[in-house]
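Trainee: I am new to this structure and would like to go through it slowly with you. Could we settle the terms as we meet them?

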Amino acid sequence: MQENAPRSLPVIVITGTPGTGKTTHAQLLAAQSPVPLQHINVSELIKEKMLHDGFDEEWQSYIADEDKVIDELEPLVSAGGGLILDWHMCDAFPERWIDLVVVLQCNHTRLWDRLEARGYPLKKIQENNEAEIMNVVLEEAREAYAEDIIVTLNSEDATELESNVSRIVQWIEEWLKNQEP
Ligand code: DAT
């Protein structure tokens, strides 16, 4: 296993099936973190910086070019970290970049409602719903990262959102203490 690059602030992945609450958590965490963390919505970054191989009409989504995404993010990680990486494709990031992987999970009926409200086509709702039931993102995280940096959290409601973010804030405080010489 490669050693983590030295950095003064942590790099946290917030992942999960679309609709589980990644962006909602990342925004609140960026606001409540005891140290500045930059929230990067990777799907938005892909659109903005054209880090894709075109738009898939059938799935109504951009086809991410993972190499371009990594090249775009590498300088930020190398510059000292302090990032919240918000993306459903959690296994795309090199292991050495990452200090914590938060996998959000949500009851699939609730997830269905959230994706429907977002206006996703039925096929995309079904696929994401199935992925959530099958724990696809969690399995990908387990294949890509050491078990002890993965945390699975439920994201059903506002109370869980608050407690999840408090838990991550506590983790950041511990991480910072562990960096002290
Ligand atoms: P993602 O970034 O994983 O696609 P999101 O943060 O955009 O998900 O959330 C999708 C919708 O669900 C949005 O309307 C906010 C809502 N939501 C997500 N997690 C929630 C939670 N824990 N409590 C209440 N609403 C939540």
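Mentor: In what follows, Ala, Val, Leu, Ile, Met, Phe, Trp, Tyr, Cys and Pro count as nonpolar, Asp, Glu, Lys and Arg as charged, and the others, Gly among them, as polar. This is a predicted model, in which local features need pLDDT of at least 70 and side-chain atom pairs count only at pLDDT 80 or more, while totals for chains, interfaces and linings use all residues. Residues are numbered from 1 along each chain as its sequence is written.

Trainee: How many nonpolar, polar and charged residues are in the shell around the ligand?

Mentor: A residue is near a molecule if its C-beta atom, placed from the backbone, lies within 6 Å of it, and 15 residues surround the ligand, with G21, K22, T23, T24 and L161 the closest. Sorted by class, this shell holds three nonpolar, seven polar and five charged residues.

Trainee: Which helices each supply at least two residues of that shell?

Mentor: Helices (H or I, at least four residues) and strands (E, at least two) are DSSP runs, numbered from the N terminus. At least two residues of the shell around the ligand come from each of two such elements, α1 (22–32) and α7 (158–179).

Trainee: Is α1 roughly parallel or oblique to α7?

Mentor: Axes are lines fitted to C-alpha atoms, for helices over the stretch in contact, and angles run from 0 to 180 degrees between N-to-C directions. The axes of α1 and α7 come within 10 Å and cross at roughly 50°. Angles under 35 degrees count as roughly parallel, over 145 as roughly antiparallel, 65 to 115 as roughly perpendicular and the rest as oblique, so the relation of α1 to α7 is oblique.

Trainee: How many nonpolar, polar and charged residues has the contact of α1 with α7?

Mentor: Two residues are in contact if their C-beta atoms, placed from the backbone, lie within 7 Å. On the α1 side the contact is made by T24, H25, L28, L29 and Q32, and on the α7 side by L161, N164, V165, I168 and V169. By class, the contact of α1 with α7 has six nonpolar, four polar and no charged residues.

Trainee: Is L29 buried or exposed?

Mentor: L29 lies in helix α1, and, leaving aside its neighbours within four places in sequence, L29 is in contact with L37, I84, V165 and I168. A residue is buried if 20 or more other C-beta atoms lie within 10 Å of its own, exposed if 12 or fewer, and partly exposed in between, with C-beta atoms placed from the backbone. Because L29 has 22 C-beta neighbours inside 10 Å, L29 counts as buried.

Trainee: Are α4 and α5 roughly parallel or antiparallel to each other?

Mentor: Helix α4 (residues 108–117) and α5 pack with their axes 10 Å apart and at an angle of about 150°. α4 and α5 are therefore roughly antiparallel.

Trainee: Which residues of α5 does α4 meet?

Mentor: The residues of this contact divide by class into five nonpolar, three polar and two charged. From α4 come H108, L111, W112, L115 and E116, and they meet, in α5, I125, N128, N129, E132 and I133.

Trainee: Is M50, with its positive phi, buried or exposed?

Mentor: Most residues other than glycine have a negative phi. M50, although not a glycine, has a positive phi of about 55°, and M50 lies in the loop between α2 (42–49) and β3 (52–56). With 11 C-beta neighbours inside 10 Å, M50 counts as exposed.

Trainee: How far apart in space are N135 and T17?

Mentor: N135 also has a positive phi, near 55°, and its place is in the loop between α5 (122–133) and α6 (136–144). N135 is partly exposed, with 15 other C-beta atoms within 10 Å. N135 and T17 are 118 residues apart in sequence, and in space, C-alpha to C-alpha, their separation is 8.7 Å.

Trainee: Which residues does A144 touch, not counting those up to four places away in sequence?

Mentor: A144 is found in helix α6 and is partly exposed, with 17 other C-beta atoms within 10 Å. Beyond those sequence neighbours, the residues that A144 touches are C90, D91 and E95.
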